[in-house]
Amino acid sequence: MNGDGIVSCPDLAVIAEAYGSHTGASDFNAWSDLNNDGVINLLDFDIVSKKVPASCPNQNLVRNVTFESTLDDIQAAVDAELITNRGVANALAEQFKEAKFATSGRHESDDVREILIAFVHLVNAQTGKHILGIAAPVLRQDGTALLSQFPRTKN
Ligand SMILES: [Ca+2]
Ligand SMILES: [Ca+2]
């Protein structure tokens, strides 16, 4: 995928580089769009992650994380059957909509943080149970990346 003819750990980084980009975007890399659906996302990660050793580091898989991109990741994980339980998928999506709602109006950053922390806890609790494969590190990183966008306001 990075042109060396071998699928190995560095190929995860190649996808991470282009994560979230669509056909036509300057950082779109057709090599990374393994399922040819015009977007580089969790589904492409899923394909590569099944071919590389499980010991590959999972750091920095996702970039430019937003509430929308995380909801897309949840939906993609459901489509790829990496979230195997409807209830868990709904709970994750609900928490995200709540967190997004908390970013509007007079809510404090701490309200958003609380919901995001609960989201990450739920991902951790369901990892290997109802959240499988690459979906777990991607969703965990989505949550922590968003957390870093909402600094703590209280002690
Ligand atoms: Ca390669
Ligand atoms: Ca794709």
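**View 1. Helix α5 crosses helix α6 with a left-handed sense.** In this predicted model, α5 covers residues 109-126 and α6 covers residues 135-147. The two helices pack at an angle of about 165°, and their axes lie 9 Å apart. Because angles over 145 degrees count as roughly antiparallel, α5 is described as roughly antiparallel to α6.

**View 2. Residues of α5 and α6 that form the contact.** From α5, the contact draws on Arg113, Leu116, Ile117, Phe119, Val120, Val123 and Asn124. From α6, Ala136, Leu139, Arg140, Gly143, Thr144, Leu146 and Leu147 take part. By class, the residues of this contact of α5 with α6 are 9 nonpolar, 3 polar and 2 charged.

**View 3. Glycine 133 in the loop between α5 and α6.** Glycine 133 has 19 other C-beta atoms within 10 Å and is partly exposed; a residue counts as buried if 20 or more lie within that distance. Leaving aside residues up to four places away in sequence, Glycine 133 touches Asp46, Ser49 and Leu82. Aspartate 46 is 87 residues away from glycine 133 in sequence, yet their C-alpha atoms are 7.3 Å apart in space.

**View 4. Helix α3 packed with helix α4.** Residues 67-79 make up α3, and residues 86-102 make up α4. Their axes are 10 Å apart and meet at an angle of about 175°. With that angle, α3 is roughly antiparallel to α4. On the α3 side, the contact is made by Phe67, Thr70, Leu71, Ile74 and Val78. On the α4 side, Ala89, Leu92, Ala93, Phe96, Ala99 and Lys100 contribute. The contact of α3 with α4 divides into 9 nonpolar residues, 1 polar and 1 charged.

View 5. Read from the N terminus, the order of elements is α-α-α-α-α-α. The radius of gyration of the chain is 16 Å, close to the 15 Å that the globule rule gives for 155 residues, so the chain is as compact as a globular protein of that length. Along the principal axes, the C-alpha atoms fill a box of roughly 50 × 35 × 25 Å. Of the 155 residues, 33% count as buried. Among contacts between residues at least 6 apart in sequence, 63% join residues at least 24 apart.

Conventions:
Residues numbered from 1 in each chain as written. Chains lettered and ligands numbered in written order. Predicted model: local features only at pLDDT ≥ 70, side-chain atom pairs only at ≥ 80, totals over all residues. Axes fitted to C-alpha atoms, helices over the stretch in contact; angles between N-to-C directions. Helix = DSSP H or I, 4+ residues; strand = E, 2+ residues; numbered from the N terminus. Parallel < 35°, antiparallel > 145°, perpendicular 65-115°, else oblique. Left-handed = near helix turned anticlockwise from the far one by under 90°. Contact = placed C-beta atoms within 7 Å. Nonpolar A, V, L, I, M, F, W, Y, C, P; charged D, E, K, R; others polar. Rg over C-alpha atoms; globule rule 2.2 N^0.38 Å. Buried ≥ 20, exposed ≤ 12 C-beta atoms within 10 Å, placed from the backbone.
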